[in-house]
Amino acid sequence: MKKYAIVSRGDKASSDLVKELRNGLDGSLKYDEKSPDLVISVGGDGTMLYSVHAYQHLLEKTAFVGIHTGTLGFYTDYQKDEAHLLIYDIKHSSMETEARSLIEIDYQDRTYFALNEMRLENNRHSQVIDIHINNEYLETFRGNGICISTPSGSTAYNKAVQGAVVSQGIRVMQISEIAGINHNAYRSLGSSLILTDQQEVTLHTINYEHTVLCIDIDCIELAQNETIKVRVSQKEAHFASFRQVSFVERLKKAFL
């Protein structure tokens with residue numbers, strides 16, 4: 001590891017930490033925002049998502065580590081008063097990495113990648129979406145939207161819509177309903193569904209008017225008649241692991 005970059009949340013606490021990190025690392029590593037070996041995210045989980053998207057073209061060679069100054073730190077291993085420990089670990093400890101799976105989303109001849117989830121959301125009227133798995137019809141969903149998440153994203157929006165929390169290291173994706181309609185006239189599965197990396201989800205409707213496709217932190221307003229395909233990607237994001245933080249410890253730190 002020879003080069004690093006920093007992505008900051010931009011508030012005063014994060015900016016102060018950036019100065020401390022630069023002062024501690026610049027003598028040992030080269031600061032290089034174009035082609036870093038390590039990206040340090042200073043902020044919360046939103047900052048980490050932004051970091052991964054900013055460097056998604058370098059995922060094969062770049063690792064990520066987070067220091068927490070935000071509101072939720074599921075992706076961050078260091079607290080804001082531990083910058084000196086992060087500096088020491090980067091300079092003196094061997095770096096192992098943990099791979100986190102992504103999902104890829106095909107929309108209008110372009111492929112997008114998500115570390116947490118993709119969501120179809122419409123707060124103006126109910127959506128009617130046909131869902132196919134490996135080209136086999138599953139159901140017609142009616143409601144506000146659909147969330148498809150990674151194991152990493154299972155603790156984010158997916159958890160808020162009563163989806164299951166999935167342990168890391170499993171190459172799966174999860175479909176969860178957002179305010180689904182279930183009564184005598186309309187029925188859907190009504191629960192989350194976990195799919196393997198050998199399965200592809202196709203979402204289609206004749207009217208996506210007023211619907212947005214959100215991919216982690218970015219949203220796209222959809223056209224009326226569109227097909228969206230989602231699968232577990234072969235690409236992965238690699239997180240630097242200088243200290244051992246178990247999945248259970250992360251859960252307790254974030255939620256309990």
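What you have before you is a predicted model, in which local features need pLDDT of at least 70 and side-chain atom pairs count only at pLDDT 80 or more, while totals for chains, interfaces and linings use all residues. Residues are numbered from 1 along each chain as its sequence is written, and side-chain values use heavy atoms, with hydrogens and water left out.

The domains themselves are domain 1 (1-92) and domain 2 (101-233), with bounds that come from an automatic or database domain assignment. Their centres, taken over C-alpha atoms, are separated by 30 Å. The area buried between domain 1 and domain 2 is about 820 Å², and carbon and sulfur atoms give 69% of it; buried area here is the accessible area (1.4 Å probe) that two parts lose on being put together, summed over both. On the domain 1 side, L49, H53 and Y75 lose the most area to domain 2, together accounting for 56% of what that side buries.

How many salt bridges cross the interface of domain 1 and domain 2? The rule finds zero there, where a salt bridge is a side-chain nitrogen of Lys or Arg within 4 Å of a carboxyl oxygen of Asp or Glu. By this rule the overall count comes to 14 salt bridges. One of them pairs E82 with R243, whose closest N and O atoms are 3.2 Å apart. Because E82 lies in the loop between β5 (78-79) and α3 (83-92), and R243 in the loop between β16 (226-241) and α5 (247-255), this pair ties together parts that are 161 residues apart in sequence. The helices (H or I, at least four residues) and strands (E, at least two) I name are DSSP runs, numbered from the N terminus.

On a 1 Å grid over the protein atoms alone, a cavity is a set of points where a 1.4 Å probe fits but cannot get out, and a pocket is an open set with protein on both sides within 12 Å along at least five of seven lines, lining residues having an atom within 4 Å of a point. Grid points are joined across faces, edges and corners, and a volume is the space filled by probe spheres set on the points.

There are two cavities of 30 Å³ or more. The largest cavity has a volume of about 60 Å³, and its lining includes I131, L138, E139 and I175. To that lining β11 gives the most, with three residues.

The second largest cavity holds about 30 Å³ of space and is lined by V52, H53, Q56, L59, L102, F113, A114 and L115. Why does it lie between the domains? Domain 1 and domain 2 both give residues to its lining, so the second largest cavity lies between them. That lining has six nonpolar, two polar and no charged residues, with Ala, Val, Leu, Ile, Met, Phe, Trp, Tyr, Cys and Pro counted as nonpolar, Asp, Glu, Lys and Arg as charged, and the others, Gly among them, as polar.

Finally, the largest pocket contains about 210 Å³ of space. Of its 19 lining residues, D77, E98, S241, V245 and R250 are the closest to its centre. The lining divides into seven nonpolar, six polar and six charged residues, and β6 gives the most to it, with four residues.
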